[in-house]
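Have the sequence and the 3D view ready.

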Amino acid sequence: MLNYDVEAERYDATRGGVPRAEAAARAVLRLVPDGARTLLDVGCGTGLVTERLVRPGLRVIGVDASAGMAATAVGRVGRAVVLGDSRQLPFASGSLDAVSAVWLLHLLPDAAEVVAECARVLRPGGVFITTVDKDAAHPADTDVDALLAPHVIPDAYDEAGAVVGWAAGHGLRPGAETSFTGHGQGRSPALTVEKVRAGYFASALEFSPRQAQGVIDGLSALPDQHTPRPDPVYRLLALGKDG
Ligand SMILES: C[S@@+](CC[C@H](N)C(=O)[O-])C[C@H]1O[C@@H](n2cnc3c(N)ncnc32)[C@H](O)[C@@H]1O
């Protein structure tokens, strides 16, 4: 996983900024049940999405394991942000109406533990809302993604079937589903070369040094080096806790 303490400084500028955050927050809110009074945003990052999870009567709290990311979130969301690990949430069992996790599970080899912990803090009737299949949102139908596709690690940590299976083990049943556009996440060849070199894809792609060089050479030969390809669309699932 990237070092998010370091990443914090450039995170918003490189992850689609406000347009992506607004799209993600609107999608989460579509899945938060009417009447919910508490929403915990797990892996809240810089709080750019969290601060947009606004609805009358809804109190939103963020939690993140990175001090750098959480410090930025505090500037946006105030004291409703806590430093903590999603595998050991500092909340009582059955205490929350909704929990969201946007772009978190794909990073974690122990994503099953996070699902269990989110289920624990939800009250009966509460809802866990999470992105799934994040990296599959880049289908291999652009020239850039076609070069990366052979190196995609199978069995992503946030594979939808696996997430639904773990959730079922903790009394969470699949409910509604929605999606949001990853504004600014379409890949240009030049930026993708930089990201391959920087190890940005560590949780999604696997290359030997030689394969990485082959990908870099292929990307460098593509036309329109600085033109991003179309934005991906991300999947968001709601899993409701048995009442
Ligand atoms: C890709 S960012 C997503 C941030 C935010 N949800 C968004 O959509 O902008 C992933 C975040 O998860 C946090 N994170 C990683 N592992 C975590 C863990 N075990 N518990 C809590 N947060 C974690 C990282 O620090 C980072 O801020």
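The notes below start with the model itself and then turn to its parts.

This is a predicted model: local features need pLDDT of at least 70, side-chain atom pairs count only at pLDDT 80 or more, and totals for chains, interfaces and linings use all residues. Residues are numbered from 1 along each chain as its sequence is written, and side-chain values use heavy atoms, with hydrogens and water left out.

**The sheet**

An open sheet is built from 7 strands, in the order β3-β2-β1-β4-β5-β7-β6, with mixed pairing. Because β3 (81-83) and β6 (172-181) stand at the edges with a single partner strand each, one side of each is left without a neighbour in the sheet. From one strand to the next, the twist averages 20°. Strands (E, at least two residues) and helices (H or I, at least four) are DSSP runs, numbered from the N terminus. Two strands pair if DSSP finds at least two bridges between them.

| Strands | Sense | Bridges |
|---|---|---|
| β2 (residues 59-64) and β3 | parallel | 3 bridges |
| β5 and β7 | antiparallel | 6 bridges |
| β6 and β7 | antiparallel | 8 bridges |

Some residue partners can be picked out. V63 stands opposite V82 in β3. F128 has L239 in β7 as its bridge partner. L172 stands opposite K241 in β7.

**Helices on the sheet**

Helix α3 (residues 67-77) lies across β2 and β3 and runs at about 165° to β3. Helix α6 (residues 160-168) packs on the sheet and touches β5 (122-132), β6 and β7 (233-241). The direction of α6 makes about 15° with that of β7. Contact means heavy atoms within 4.5 Å. Axes are lines fitted to C-alpha atoms, for helices over the stretch in contact, and angles run from 0 to 180 degrees between N-to-C directions.

**A salt bridge**

The structure holds 15 salt bridges. Each is a side-chain nitrogen of Lys or Arg within 4 Å of a carboxyl oxygen of Asp or Glu. One of them joins the side chains of R52 and E22 (3.9 Å, N to O). This pair links distant parts of the chain, 30 residues apart. R52 is in the loop between β1 (38-42) and β2, while E22 is in helix α2 (residues 17-31). Side chains of opposite charge can pair when their charged atoms come close.
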